[in-house]
Amino acid sequence: MISKIKLKNFKCYKYREFELGNLTVFCGNNSVGKSTAIQALAIPFQSQFGNEVLLNDNLVELGSVRDIYSEHASDGDNYLNIALYFDNKKCSWGFDDPVEQAALKNHLLNKYMEVVSPELLQHYFVTKGFQFLQAERLGPRAYLENRNDESIRYWLGAKGEHVYEILTEITNKGERLASGDKRILKGDEGPSVRRNIINWMAEISPGFNFESDIVKNAKISHAQFQAYGSAKTTPVNMGFGLSYSLAIVCALLITEPGGLVVIENPEAHLHPRGQSYIGRLIARAALSGVQVIIETHSDHLLNGIRVGARLDAEYEGKDFKVFYVSGVPNSESIVEEITIGINGELSSWPEGFFDQQAYDLKTLMKGEEVTDLGRRQ
């Protein structure tokens, strides 16, 4: 498990530590630094924890070293560092002098590694699983290209571009969750991963089902969907929500306890119930031992996570964390840590934290613009 991310002079942060939980949620307004910690995490993962890690590859594209060096760094402070702590064992990458900084174009150098790369690669890419789904995923497609790189177990692709192939593989192999796994939605329908993908997707679109197949000679995969009792049809004849959420549901169900799932904007193209149930699945995956890190703008999804915590008798509290990021003009962003308690309650509710609905409802009731929950304009 990744226990901590520590950033020094990285993008919007002069210095920031994030103590991660089994489930970690980043939220806040646009362009304040919600995704920064996730991007820092992506750099070593997309470079397979090498001594030189790339800023531009399949997970993130951040430009050059100059682009990621914080504008808030103090004069004379030429140090940049990204540090990940794997169960408190540290790995870090960066630079610490102007000459070194000038020599680096689009990569960072390893500075300290207590866990060697082969151990990390075996854990995340082979044994337990790792998935990273970007905010901009693929919408409905008649077919998708198969993987050329099979170094990561059941890799869905950063845009979900291999989901049809993976669905076919887990179906053919009869993959099953462990008995008692909290991700099993309906106990009487068993632990089949395929069946549980269908059941969770049916909470988003009732009657959901799918068929998928691999065309090996053409190196493509294709699928058919159905929902609401319709006949099976190609995904292009279904809404964006099914294609956008299918890879998310798949990622959360195929990753083994001890693995890692990172998702940006899991709520995209989903109605409120769908967002809530994705939140519930995220919570159950974390409760099953999968470490989940997400970035979201959705209060419906957050409430689904809170419901998942509330309905689980074994949830002890504080394992689910929310980092609320606020922008500050001409200064580094402020981060407030919020924990989710055993009853789904939040440890605090800072100003600006998912409060737009309250503003809108009060404006509707009063018939005049409300700019403060206690005052009128």
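These questions and answers walk through a predicted model.

The model is predicted, so local features need pLDDT of at least 70, side-chain atom pairs count only at pLDDT 80 or more, and totals for chains, interfaces and linings use all residues. Residues are numbered from 1 along each chain as its sequence is written, and side-chain values use heavy atoms, with hydrogens and water left out.

Q: What is the strand order in the open sheet of 6 strands?
A: Strands are DSSP runs of E, at least two residues long, and helices are runs of H or I, at least four residues long, each numbered from the N terminus. Two strands pair if DSSP finds at least two bridges between them. The pairing in this sheet is mixed, and the order is β8-β12-β13-β3-β14-β15.

Q: Which strands stand at the edges of that sheet?
A: An edge strand here has a single partner strand, so one side of it is left without a neighbour in the sheet. That holds for β8 (130-133) and β15 (331-339).

Q: In which sense do β8 and β12 pair, parallel or antiparallel?
A: Strand β12 covers residues 260-264. Glutamine 131 stands opposite valine 261 in β12. Over 4 bridges, the sense of β8 and β12 is parallel.

Q: What angle does the direction of helix α7 make with that of β8?
A: Axes are lines fitted to C-alpha atoms, for helices over the stretch in contact, and angles run from 0 to 180 degrees between N-to-C directions. Contact means heavy atoms within 4.5 Å. Helix α7 (residues 240-254) packs on the sheet and touches β8, β12 and β13 (291-295). Its angle with β8 is about 160 degrees.

Q: Which residue in the hairpin of β1 and β2 takes a positive phi?
A: β1 (residues 2-10) and β2 (residues 13-19) pair in the antiparallel sense over 6 bridges. Phenylalanine 10 has tyrosine 13 as its bridge partner in β2. The hairpin has 2 residues between the strands, and the positive phi, near 55 degrees, belongs to lysine 11.

Q: Is serine 221 buried or exposed?
A: Buried means under 20% relative accessible area and exposed means over 50%, with partly exposed in between (1.4 Å probe, protein chains only). Serine 221 is found in strand β11 (residues 220-226). Because its relative accessibility is 1%, serine 221 counts as buried.

Q: Which side chain is joined to that of serine 221 by a polar contact?
A: A polar contact is a pair of N or O atoms within 3.5 Å; within protein, one must be able to donate a hydrogen and the other to accept it, and residues adjacent in sequence count only if both atoms are side-chain atoms. At 2.5 Å, the partner is asparagine 146.

Q: Which residues touch the most other members of the largest nonpolar core?
A: A nonpolar core is a set of buried Ala, Val, Leu, Ile, Met, Phe, Trp, Tyr and Cys residues joined through side-chain atoms within 4.5 Å. The largest has 63 residues, and α7 gives the most to this core, with 10 residues. The members touching the most others are Ile197, Ile305 and Phe320.
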